[in-house]
Amino acid sequence: MNPPVTPEDTMSSTVITNIATLVTNDPSLGDGSPLGLVRDAAVVIEGDRIAWTGESSKAPATDNRVDAGGRAVIPGFVDSHSHLVFAGDRTEEFNARMSGRAYSAGGIRTTVAATRAATDAELEANLTHYLAEALRQGTTTFETKSGYGLTVADEARALRIAATHTDEVTYLGAHIVSPDYAEDPAAYVALVTGEMLDACAPHARWVDVFCEKGAFDGDQARAILTAGKAKGLLPRIHANQLTYGPGVQLAVELDAASADHCTHLTDADVDALANGNTVATLLPGAEFSTRAQWPDARRLLDAGVTVALSTDCNPGSSFTSSVPFCIALAVRDMGMTPDEAVWAATAGGARALRRDDVGRLSPGACADLAVLDAPSHVHLAYRPGVPLVTQVWRRGVREV
């Protein structure tokens, strides 16, 4: 009698060979740099994992062979900050801002009204549309948040919808004070830390808060994140985007995985990030779309802070799903080198999600990768706006 067939017995292997430049993000491989560059390289995929990386001439035998044609291969982008469960857009607000006119469209409240009015099917269709858009540009792992419902039912349904598409789901009932509680912010904080949290926690991994003037102050943010932690959610925080404030220090104090935006930082904020475990996630699409001051990535990197790059894709302040675009902005306007920006958008994003199975192409990692129609990853910044991603593999399957 033959032994039963196991998944390992039927798992096929594929080698992608003739890679001009392979970014592994493993310093023990290739040239020993943070990117772990391997020239004239190959990658072997078994099932949904990377089994081997190295020089093409040394690649082991496999069931299937794919010729990269002298192109570069990088890890799939890890977009660790997005807001994709929403309805409507804010074209008029953007047009007014870019035209230099004063405009009071209500900002986030405009999206809240449209999101509340949308059906579940409409919200999911919108979400999948932007996920497909991001995938075509090389994003294989993404985080997304609630925050456009601001009622118990609407926040919970946003998270339920998001959780069918990613494990990296963030409860952001504390995006702004709900318009329904404009006269009683304390009551809204009580809702966010009580009934809303109870309804949302089963569908989320993370808890977030917009700690900013006009949103939630330091004490409110601490109460919200602490309540989320008590329910088993891990903290992250919108911090120091519009002005100096307590957000970054609070993030480090609470061991948040990421402090996001980090545009206005004191020396003490930078020191705290450098000496803690919190990643500084920079979101240049927001500065581009609002004509705001750029974050100083060079200052953070020189201080030894771990930096991630993400899109902040949302309909108000950063309506882009393109990580390559954010890489180009970071290199041009934030003081990053091309190598640093690519690392931040892959391995850095993984650090911001406290993941070690994505953002790298070394044995044991998820087989998530992008093939560029260029010989080097540097072309992502060198050729801004050009759609260089020509193949995307996710969990060992070519999807683009």
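Tutor: Happy to. A nonpolar core is a set of buried Ala, Val, Leu, Ile, Met, Phe, Trp, Tyr and Cys residues joined through side-chain atoms within 4.5 Å; buried means under 20% relative accessible area, exposed over 50%, and partly exposed in between, with a 1.4 Å probe and protein chains only. This is a predicted model, where local features need pLDDT of at least 70 and side-chain atom pairs count only at pLDDT 80 or more, while totals for chains, interfaces and linings use all residues. Residues are numbered from 1 along each chain as its sequence is written, and side-chain values use heavy atoms, with hydrogens and water left out.

The largest nonpolar core holds 89 residues, and the members touching the most others are Tyr-171, Phe-216, Ile-237, Leu-300, Leu-309 and Ile-327. Apart from residues up to four places away in sequence, the contacts of Leu-309 (heavy atoms within 4.5 Å) include Val-78, Leu-282, Ile-327, Ala-341 and Ala-345. A second, separate core has 15 residues, among them Ala-41, Ala-68, Ala-367 and Val-371.

Helices (H or I, at least four residues) and strands (E, at least two) are DSSP runs, numbered from the N terminus. Axes are lines fitted to C-alpha atoms, for helices over the stretch in contact, and angles run from 0 to 180 degrees between N-to-C directions. Helix 13 (residues 323-333) and helix 14 (residues 338-352) have axes that come within 9 Å and cross at roughly 140°. Angles under 35 degrees count as roughly parallel, over 145 as roughly antiparallel, 65 to 115 as roughly perpendicular and the rest as oblique; helix 13 and helix 14 are therefore oblique to each other. Their crossing is right-handed, the term for a near helix turned clockwise from the far one by less than a right angle, with anticlockwise being left-handed. From helix 13, Val-323, Ile-327 and Val-331 meet Pro-338, Ala-341, Val-342 and Ala-345 of helix 14. By class, this contact of helix 13 with helix 14 has seven nonpolar, no polar and no charged residues. In that count Ala, Val, Leu, Ile, Met, Phe, Trp, Tyr, Cys and Pro are nonpolar, Asp, Glu, Lys and Arg are charged, and the others, Gly among them, are polar.

Now for helix 6 (residues 185-193) and helix 8 (residues 218-230), whose axes come within 9 Å and cross at roughly 15°. That makes helix 6 roughly parallel to helix 8, and the crossing is right-handed. Helix 6 contributes Pro-185, Val-189, Val-192 and Thr-193 to the contact, and helix 8 contributes Gln-220, Ala-223, Ile-224 and Ala-227. By class, the contact of helix 6 with helix 8 has six nonpolar, two polar and no charged residues.

Leu-197 links to this region. Leu-197 is found in helix 7 (residues 195-200) and is buried, with a relative accessible area of 2%. Beyond its neighbours within four places in sequence, Leu-197 is in contact with residues including Tyr-171, Val-192 and Ala-227. The C-alpha atoms of Leu-197 and Val-207, ten residues apart along the chain, are separated by 9.2 Å.

Finally, a strand residue: Ile-74, in strand 4 (residues 64-75), is buried, with a relative accessible area of 0%. Leaving out residues up to four places away in sequence, Ile-74 touches Val-23, Leu-361, Leu-369, Ala-370, Leu-372, His-377 and Leu-380.
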